[in-house]
Amino acid sequence: MSRFVQDSPPLSPLERFVREYVEARDGAWDEIEPQVYDLLVGPEMMQVAFDPEALPEHPQAQLASLGSPLLDRLLGDAANRWNSAQLYRVGLNLRRYDLESRLRRAILLPPGAAIEVERVRAMNFPQAIFWFQATFASDQKEEEILPVGIGLHYLREVRHLDALLLSSRLSTEPEANLPEVRHGGVVAGYLASRGALVRTAAALANARRREWSGRVDKQVARMVAYYAQLRTEAQEQIVRGGDPNAAAGRAAARREAIDREQQLRVAELRQKSAVRVSAKLVGLMVVQQPKLLISAVILQKDQPSGRLELVWDSLTESVEAVPCPSCGHPTLALRIDRTRLCCAGCSLGVQNGRER
């Protein structure tokens, strides 16, 4: 700990970053005077200054400022080492006095059936946000960052990313120490995110293809006109050539050569203008969002017909679709089939190649 910490002015963001970076690298820093540090990072020992006026007194110090080679190197190394983060969503209301009535309105049950809440627990539900860098390449290239959020509990896509990632409601510390719900893990979330990424990237690629195809069509039209002019000029030269029989043969050969070249050039142009998409994962954030995990029983004529585990989303203030106890598909409409719960879409026969 530096002897100047108590008397120093508040840390600048750059100064705080360098100190935290060195500590994260298991290094050491010593503030030899305000805004001048000795740093030990791995085998490298260096002296840095955040105040340009301190450089004359410390000629061996490197200036740490935005755009300086030193800071660019540290920022690049930090980005390569730590491209993930964990935050907590705060400011959510977990106390619903009308929770049971909201559940009864949200879950559609057959006549005579009722839902009864047995237990309610507040828990952290990890929401993994994967940032992909998508590249759309044709005769030109564009890049776009595409975020995909996956709730790791059900492995479903998060539909309210803007509200979840509201910067004023994210914190490095939780409001309450809550247990984490069981979930499929980040790897399973990444696999689920790729399906959502394909749908989003395909839609963007189609939009770009429609936008770029107009320009390609104009280029093809100019190319076709150019080769039409070549045919006209070749025919005029052949007509002036003399011998009609020889001219006819030369004309046919010349037209065939021009046609082949036109087809080749048009095919090359359309191939180059085809939209190709590639994507790579560039960042990951896990946001712990408090939700309510609800254990409930479904009653039919006052007799239990099955149990459900429901989730109350405190961000959207709604009940999440529950996996069907029979087929696993998310649903908010249930029926009782021979005293067994299933969704309205389940058939009475064979499901997935086997009898239920």
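## Salt bridges, aromatic pairs and a pocket

Arg-199 counts as exposed because its relative accessibility is 53%, and the class needs over 50%. This is a predicted model. The protein has 356 residues, and 36% of them are buried. It holds six helices and 18 strands. Among contacts with a separation of 6 or more, 63% join residues 24 or more positions apart.

### Salt bridges

Side chains of opposite charge can pair when their charged atoms come close. Across the whole structure, eleven salt bridges are found.

Which residues does Glu-157 meet in salt bridges? One partner is Arg-159, with the closest N and O atoms 3.4 Å apart. Another is Arg-199, where the closest N and O atoms are 3.5 Å apart. The Arg-199 bridge links distant parts of the chain: Glu-157 sits in strand S8, Arg-199 in helix H5 (residues 186-239), and 42 residues separate them. Glu-157 is partly exposed, at 27% relative accessible area. Arg-159 is exposed, at 68%.

Lys-291 and Glu-320 also form a salt bridge, at 2.5 Å from N to O. Lys-291 belongs to strand S10, and Glu-320 to the loop between S12 and strand S13 (322-323), so this bridge ties together parts 29 residues apart in sequence. Are these two residues buried or exposed? Both Lys-291 and Glu-320 are buried. Elsewhere, salt bridges with shared partners join Glu-142, Glu-144 and Arg-208 into one network.

### The largest pocket

Rolling a probe the size of a water molecule over the atoms shows where empty space is left. By class, the lining has six nonpolar, seven polar and six charged residues.

The salt bridges return here.

### Around Ala-122

Ala-122 lies in strand S6. What does Ala-122 touch beyond residues up to four places away in sequence? Its contacts there are Leu-94, Leu-178, Pro-179, Lys-291 and Leu-292. Ala-122 and Trp-312 are 190 residues apart in sequence, yet their C-alpha atoms are 9.5 Å apart. Ala-122 is partly exposed, because its relative accessible area is 27% and that falls between the 20% and 50% limits.

### Aromatic pairs

A pair of aromatic rings is described by the distance of the centres and the angle of the planes. The whole structure has five aromatic pairs.

One of them joins Tyr-37 and Phe-50, edge-to-face, at 5.7 Å centre to centre and 85 degrees between the planes. Tyr-37 is in strand S2 (residues 36-41), while Phe-50 is in the loop between strand S3 (44-49) and strand S4 (62-63), so the pair ties together parts 13 residues apart in sequence. Tyr-37 and Phe-50 are both buried. With Trp-29, they form one aromatic cluster.

Why does the pair of Phe-132 and Tyr-190 count as stacked? The ring planes are at 25 degrees and the centres 6.2 Å apart, so the pair is stacked; the angle cut-off is under 30 degrees. Phe-132 lies in strand S6 and Tyr-190 in helix H5, so this contact ties together parts 58 residues apart in sequence. Phe-132 is buried, at 2% relative accessibility. Tyr-190 is partly exposed, at 28%.

### Accessibility at a glance

| Residue | Relative accessibility | Class |
|---|---|---|
| Phe-132 | 2% | buried |
| Ala-122 | 27% | partly exposed |
| Glu-157 | 27% | partly exposed |
| Tyr-190 | 28% | partly exposed |
| Arg-199 | 53% | exposed |
| Arg-159 | 68% | exposed |

Methods. Residues numbered from 1 in each chain as written. Predicted model: local features only at pLDDT ≥ 70, side-chain atom pairs only at ≥ 80, totals over all residues. Heavy atoms only, no water. Nonpolar A, V, L, I, M, F, W, Y, C, P; charged D, E, K, R; others polar. Helix = DSSP H or I, 4+ residues; strand = E, 2+ residues; numbered from the N terminus. Buried < 20%, exposed > 50% of the residue type's maximum accessible area, 1.4 Å probe, protein only. Contact = heavy atoms within 4.5 Å. Salt bridge = Lys/Arg side-chain N within 4 Å of Asp/Glu carboxyl O. Phe/Tyr/Trp six-rings, centres within 6.5 Å; stacked < 30°, edge-to-face > 60°.
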